Amino acid sequence: MSFERPTSTPIRLQIQQLLDGRRVLRDELAAIEARAKAHQELNPIAWVDWQRAAAQADGAQAEVRGLGAQALAARPLQGVFVTVKDLFNLDGAPTAAGTRAVLPDVGRQATVVDRLQAAGAIVFAKTNMHEIALGATGENRWTGDVRNPYDPARQGGGSSSGSGVAVACGIGTASVGSDTGGSVRIPAAFCGVVGFKPTYGAIPLAGALALSWTCDHAGPLANSVDDAALMYEALSQFSARHGMTPRRPRLGIPQRWLQGRLHAGVREAFERLVADLSAEADVVAADVDSMPLAWEHYTPIVRAEGAWIHRAALAAGGEGFSELVIGPLKAGMTISASQYFDAMAARRRFSGDLDRQLRGIDAMILPTTAVPPPLRGQQEVDVEGGRMTVREAVLGQTLPFSFAGVPTLSLPCGFLQGLPLGLQVVARRDADAALLALGRWLEQRLPGA
């Protein structure tokens, strides 16, 4: 049976309907619960308490009657049902991060949850993830694989796997994931939703389990760019309303980097999309010669920092980590200070090169992943240049931009043999508002948007 996305109501319209008395949050929650049960085999949810969520819904409905339209202007997510990845602390809920290992104490409720609740959102569930966020497939020995809604035999993407599946299935309007090497954008692409990784540091990570303090970001997954922008404003407390799209955007393509990297079907779809965009945008080559540095030096940094974060559990023998993550964590323990500092120097060099290239264009565009969603358990894929590991075909497209910390969107851009494809849009550092505005412009022109 083919998967059909449920109809989603934009957040702005949800708020208006709530003010007009046309939304009953209890009824909406009942529909969400029904969808969660209908898609239970996809395994998106790590924790949920439906009774607690019902009480929250009643409270949010009562607030609308008590506050009125003017007071609610400061609560732009009032009554919006949101999930968060299971590495963000949520009061009254466990944080397991997809592992059985003992986790370090990350303190109180996550700042992202505080800000969502202050904006009126109902944070009702936590989503499954790749173990400790160290992976991009969503396959997990302890919690079970998160499965792709379009084909359960395939990966849901990771590490914010459950977040992508939850949004695609209508289990909440939006979700908050983390992105170290692509963990918001990859599940967004694989599940046919929008994923936004803002500029490094724009959204605080206090109260969240870290993987790499150098590369970790938080960001929303949503049904549209506008929904992602509203989530971003609440999470970052920065405005995105000043973003403007040039009359004829200048879009750059890293042509040499993409040479030989793409699945043949992804190449064909991307080139067709670029040809269509060329009618309304200037499309130019935008290669960063030092791009290979990102792939070479990302792993030492993330593994070394991940090993440090989990040093207590590793010192106790690493019990509770699966074989998928214990090897990389132990490898991180062997990285020398010299290797780590060399990797950080390479990061500075690449970031500078990327910044200079991005200054000459409005955005860089490329496929979010080099391949459509692989089969669960698949290790290698065919691309134009031969065989490539799934890790490189997926992370290799996204990690350069979390490595450098620049804002990046993944937009649904059509299907290949019934599986979603994503277009990745990369902008200048701190140009989050401009990127979201360009994302809205692109969204209107992409197939299936």
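User: What makes C191 count as buried or exposed?
Analyst: Its relative accessible area is 0%. Buried means under 20% relative accessible area, exposed over 50%, and partly exposed in between, using a 1.4 Å probe and protein chains only. So C191 is buried. This is a predicted model, where local features need pLDDT of at least 70, side-chain atom pairs count only at pLDDT 80 or more, and totals for chains, interfaces and linings use all residues. Residues are numbered from 1 along each chain as its sequence is written, and side-chain values use heavy atoms, leaving out hydrogens and water.

User: And why is C169 called buried?
Analyst: Because C169 has 0% relative accessibility, it falls in the buried class too.

User: How do you know whether C169 is bonded to the closest cysteine sulfur?
Analyst: A disulfide is a pair of cysteine sulfur atoms within 2.5 Å. The closest cysteine sulfur to that of C169 is in C191, 7.7 Å away, so that's too far for a bond. C191 is in no disulfide either, and the count comes to zero disulfides.

User: What makes the lining of the largest cavity nonpolar, polar or charged?
Analyst: Ala, Val, Leu, Ile, Met, Phe, Trp, Tyr, Cys and Pro count as nonpolar, Asp, Glu, Lys and Arg as charged, and the others, Gly among them, as polar. Here that gives nine nonpolar, two polar and no charged residues. Among the lining residues are F270, T369 and G422.

Key:
1 Å grid on protein atoms, 1.4 Å probe; cavity = no way out; pocket = protein on both sides within 12 Å on 5 of 7 lines; lining within 4 Å.
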